There are 2 protein chains.
Amino acid sequence: MSSHPFDAAVALQAQADGTFLGHTSAAYANMVGPFGGVTAAQALNAVLQHPQRLGDPISLTVNFAAALADGPFTVTARPARTNRSTQHWVIEMWQNDETVLTGTAFFGLRRDTWGADEHRMPAVPPPADVARAGGPTRVEWVKRYEMRFAEGPIPAEWTGADQGASRTRLWLRDDPPRPLDFASLTGLSDVFFPRVWRRRPLLVPIGTVSMTIYYHADAALLQRTGSGYLLGQTQAQAFRNGYFDQTAQLWNEAGELLVTTHQVVYYKQ
Amino acid sequence: MSSHPFDAAVALQAQADGTFLGHTSAAYANMVGPFGGVTAAQALNAVLQHPQRLGDPISLTVNFAAALADGPFTVTARPARTNRSTQHWVIEMWQNDETVLTGTAFFGLRRDTWGADEHRMPAVPPPADVARAGGPTRVEWVKRYEMRFAEGPIPAEWTGADQGASRTRLWLRDDPPRPLDFASLTGLSDVFFPRVWRRRPLLVPIGTVSMTIYYHADAALLQRTGSGYLLGQTQAQAFRNGYFDQTAQLWNEAGELLVTTHQVVYYKQ
């Protein structure tokens, strides 16, 4: 039995009616509600633990319909279509009979093919040569990840001055370190702080409304990555009238691309 | 009544039970089944035409569960959660009681805020200085779009030699020209030919399994874009074990970013 806080956070209990029961985790609490990366991992877990699951995740989209209240939730995963080697899932999460998350996932059995990582890992100093971010934080979940910013850390001064660009590069992993699996990779895909704070340092209210993850890693790649560092890179493409997007990539230390992910985020001002 | 083939293709008839009835379009036929961009537009249209719709699209994810057969289909859109100024939708499309598409959408009312286009339009010659792609084509839908490739056209020789990169840049618009709306912008977001053919020119079988669109354009921006050209840019990030992703951006001629979009695509070999 693992004693890692992430395992406790994403644990689901299968119910007699085919749904799963989960619970928000104090260890991954955000300003309002839980850290979205863990909520996304819980949604994925409902498929991973489903008795009809075929293959491994290729894509996941989750839409955050409301901030979860601290406490229990119900999550359902329905196999909408099962083909010979692929499967499409519809996911929904409820609290008190209200939808708090909608989502879809695509799973598949992978085959050996020609391949290439086209988006190459940028050159940054190794993790040991980059200072670990630390100091007091107002949100609990941040303490569950080790972050070493090679470029674009959380602003030290909230001046509101347009920085002209929003890119951040950092080494990151679970704290304490934990062997990578699809659930934890899902959490790690959402660790990046909102790009609007980086582009224009003002602590404006924000909230992710939709996130999509493409899993380029298969089980073998997860295993050889183990509990090593990932390099994360993230940048916005546009900020306009209350919503911005951010794209991100995650590589392992060997430079293999594990994940590409995108999200669209509400912001005020 | 518009006589543009796109309007006929995405038309839906509201049914007494709250579902919509649509029909595949011969004008937008692909190798197997219809052009996915029109299927995605039909899915979006089920929300756009829904009596309970609030606001405009901010994000759309569609998952292609099976190639549609030529003929009618049923599509449903369910408002899973309606907040004060935002709305989350679950979409599903059926043929013969089998799911052929799943999806989710997020709609919202936009407010004026600070904004910036961070991903800037690349410098390419104007549309009039770029030759229009033409010649015989095996698929009907390609004739419904004007395409002028500034970089990375469809390969002339299928040598299989690794090109090292997969980027394409092209001017594109509906043919005949048609004032832009959210449905046609959805179709235009899927016009890019598969990146695996560009990176490694071999006509391997492919099929998009999931596509996400972030709409940075609001109604005013659509209106000032009108029926002008869009500049599209697309590139893959990784190809591995049967699946690759491709990202894309669409700007209007004035350089305003209208859409960022991503898809994950099955490929053989």
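This is a predicted model: local features need pLDDT of at least 70, side-chain atom pairs count only at pLDDT 80 or more; totals for chains, interfaces and linings use all residues.
Residues are numbered from 1 along each chain as its sequence is written, chains are lettered from A and ligands numbered from 1 in the order in which they are written, and side-chain values use heavy atoms, with hydrogens and water left out.

On the side of chain A that touches chain B, the largest share, eight residues, comes from strand S6 (residues 98-108) of chain A; helices (H or I, at least four residues) and strands (E, at least two) are DSSP runs numbered from the N terminus. By class, this side of chain A has 24 nonpolar, 28 polar and 17 charged residues. Here Ala, Val, Leu, Ile, Met, Phe, Trp, Tyr, Cys and Pro count as nonpolar, Asp, Glu, Lys and Arg as charged, and the others, Gly among them, as polar. The contact (heavy atoms within 4.5 Å) takes 69 residues from chain A and 69 residues from chain B. The two chains bury about 5,700 Å² between them, 49% of it on carbon and sulfur atoms. Trp114(A), Glu118(A) and Arg240(A) supply 15% of the area that chain A buries against chain B, more than any other three residues. Buried area is the accessible area (1.4 Å probe) that two parts lose on being put together, summed over both.

Eight salt bridges are counted between chain A and chain B, each defined by a side-chain nitrogen of Lys or Arg within 4 Å of a carboxyl oxygen of Asp or Glu. One of them joins the side chains of Glu92(A) and Arg78(B), at 2.6 Å from N to O. In another, the closest N and O atoms of Glu118(B) and Arg199(A) are 3.2 Å apart. This pair crosses between chains, from the loop between strand S7 (116-117) and strand S8 (145-151) of chain B, which holds Glu118(B), to helix H4 (residues 195-199) of chain A, which holds Arg199(A). Both Glu118(B) and Arg199(A) are buried; buried means under 20% relative accessible area, exposed over 50%, and partly exposed in between (1.4 Å probe, protein chains only).

Over all chains the count comes to 32 salt bridges. Within chain A, Glu151(A) and Arg169(A) form one with the closest N and O atoms 3.6 Å apart. Glu151(A) is partly exposed at 24% relative accessibility, while Arg169(A) is buried at 14%. Asp7(A), Arg178(A) and Asp181(A) are linked in a network of salt bridges. In chain B, Glu146(B) and Arg173(B) form a salt bridge at 3.0 Å between the closest N and O atoms. Glu146(B) lies in strand S8 and Arg173(B) in strand S9 of chain B, so the pair ties together parts that are 27 residues apart in sequence.

Strand S7 (residues 116-117) of chain A runs antiparallel to strand S11 (residues 230-240) of chain B and is joined to it by two bridges; two strands pair if DSSP finds at least two bridges between them. Ala116(A) has Phe239(B) as its bridge partner, and Asp117(A) stands opposite Ala238(B). Within chain B, S11(B) pairs in the antiparallel sense with strand S9 (residues 168-174) over five bridges and with strand S12 (residues 243-252) over nine bridges. S11(B) and S12(B) form a hairpin with two residues between them, and Asn241(B) in the turn has a positive phi of about 50 degrees. Ten of the eleven residues of S11(B) are buried, so the strand is largely enclosed by the rest of the structure. Gln237(B), in S11 of chain B, is buried with a relative accessible area of 6%. The side chain of Gln237(B) makes a polar contact with that of Gln249(A) at 2.9 Å.

Asp56(B) lies in strand S3 (residues 56-64) of chain B and is partly exposed at 23% relative accessibility. Eight of the nine residues of S3(B) are buried, so this strand is largely enclosed by the rest of the structure. S3(B) pairs in the antiparallel sense with strand S6 (residues 98-108) of chain B over eight bridges, with Asp56(B) opposite Gly108(B).

Definitions and conventions:
A polar contact is a pair of N or O atoms within 3.5 Å; within protein, one must be able to donate a hydrogen and the other to accept it, and residues adjacent in sequence count only if both atoms are side-chain atoms.
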